Amino acid sequence: MYSSRKAVSLLMAVALVMVACTGAMAATLNAYTVMPEKYASKVFEQFTKDTGIKVNFIRFSSGEALARLVAEKNNPQVDILLGGPADIYTAGQKDNVFAVYVPKEQKLTPAEYRDPGNHWTGIGLIPLCFLTNTDFLKKNNLKAPGSWQDLLNPAYKNGLQMADARTSGTATERIYSLIGVYGVDGAFDYQKKLHKNVQLYTKSGAGGAMPIAQGQAASGIFYLVDALDIQQQGYPVIITYPKEGVTFGIEATGMIAGAKNPQEAKKFIDWATSPKLGQFFVDQKINYIPVVKGVKITNPALDMSKEKLLKVGAEHKGDKRKSYVERWINEVIR
């Protein structure tokens, strides 16, 4: 009898250990990301190495990610959003998509790069730039574009590729930049003229970069992180900035309200907003400009001190995003 009780106790102990181990192994995080998949996969892989938490993720453009999160808000399918400009987070706050969470090392991120209500935190800066094929420039005896007006040159007719504002945060950033330079009405007048030279509006922000690299298109407007990726691969391209100025996005991350794995989500936000991710960007040559204190930028191409950067608050962008996109659809591409 004693042996039977002892055996039962032993089996129960083993079962409890197995349950505990299974629970530890089952620690998972579900995510949407706006980062290009090749960056996001590296980031999540490193997070798993550091924490043991497995990440399942799907990549969407920023507009698609926001629409999906809003549609799923009563039954969230993911725990966090990684990447995308902060204005999609501020836009999502209207629908209570993002949870309030204060990262453990929040003070390392300057206040201007995080939400005062703690719905999102910036992890990097992404200024806009021009990316142009140098073979095209030589063939047409042109200098690399240094002004927004240069892209209206008839030499670029049917030669520009850039992102579609219906789906891409890069495209809405382009609108914010032009409004910063020309005012609201002037920005849309400019885009009507620019449209005559556009070959294709791409679904994702980086979609036109490779066609430009391969000579299928002449030039376009991109976030710097995507343009530098192409340049680092050795393609004949040049990166320039308009003298009138450009705005920049704050690449962000945030926890989803009603997340089914809240503890894992908090661990990710803590990790992503610490110097660990910023240093990972630098080490892996993923060219977001880190905003967290304690990370030294080593790539001179990320030095924006000589460029004219126009500041537009993420909250303002989020408030205006929908109306600007609708106006772009109705006035520019129709």
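Modeller: Buried area is the accessible area, taken with a 1.4 Å probe, that two parts lose on being put together, summed over both. This is a predicted model, in which local features need pLDDT of at least 70, side-chain atom pairs count only at pLDDT 80 or more, and totals for chains, interfaces and linings use all residues. Residues are numbered from 1 along each chain as its sequence is written, and side-chain values use heavy atoms, with hydrogens and water left out.

Colleague: Which domains is the protein chain divided into, and how much area do they bury between them?

Modeller: Domain bounds come from an automatic or database domain assignment. Here that gives domain 1 (28–125 + 248–303) and domain 2 (127–247 + 322–333). Between them they bury about 1,400 Å², with 52% of this on carbon and sulfur atoms. Their C-alpha centres lie 26 Å apart.

Colleague: How many residues of each domain are in contact with the other?

Modeller: Contact means heavy atoms within 4.5 Å. By that criterion, 20 residues of domain 1 are in contact with 20 residues of domain 2. Over the protein chain, 77% of the contacts between residues at least 6 apart in sequence join residues at least 24 apart.

Colleague: How many helices and strands are there?

Modeller: Helices (H or I, at least four residues) and strands (E, at least two) are DSSP runs, numbered from the N terminus. The protein chain has 11 helices and 10 strands.

Colleague: Is helix 8 mostly covered or mostly uncovered?

Modeller: A residue is buried under 20% relative accessible area, exposed over 50%, and partly exposed in between (1.4 Å probe, protein chains only). Helix 8 (residues 224–232) is mostly covered, since 7 of its 9 residues are buried. Among them are two aspartates, Asp226 and Asp229. The buried residues pack against several elements, including helix 2 (37–51), strand 4 (121–133) and strand 8 (237–240). After helix 8 comes Gly234, with a positive phi near 90°.

Colleague: What share of the whole protein chain is buried?

Modeller: Buried residues make up 53% of its 334 residues.

Colleague: Why does Gly278 count as buried?

Modeller: Gly278 counts as buried because its relative accessibility is 3%. This glycine lies in helix 10 (residues 275–284). Not counting residues up to four places away in sequence, Gly278 touches Pro290, Val292 and Val295.

Colleague: How far is Gly278 from Val312 in sequence and in space?

Modeller: Gly278 and Val312 are 34 residues apart in sequence, and their C-alpha atoms are 23 Å apart in space.
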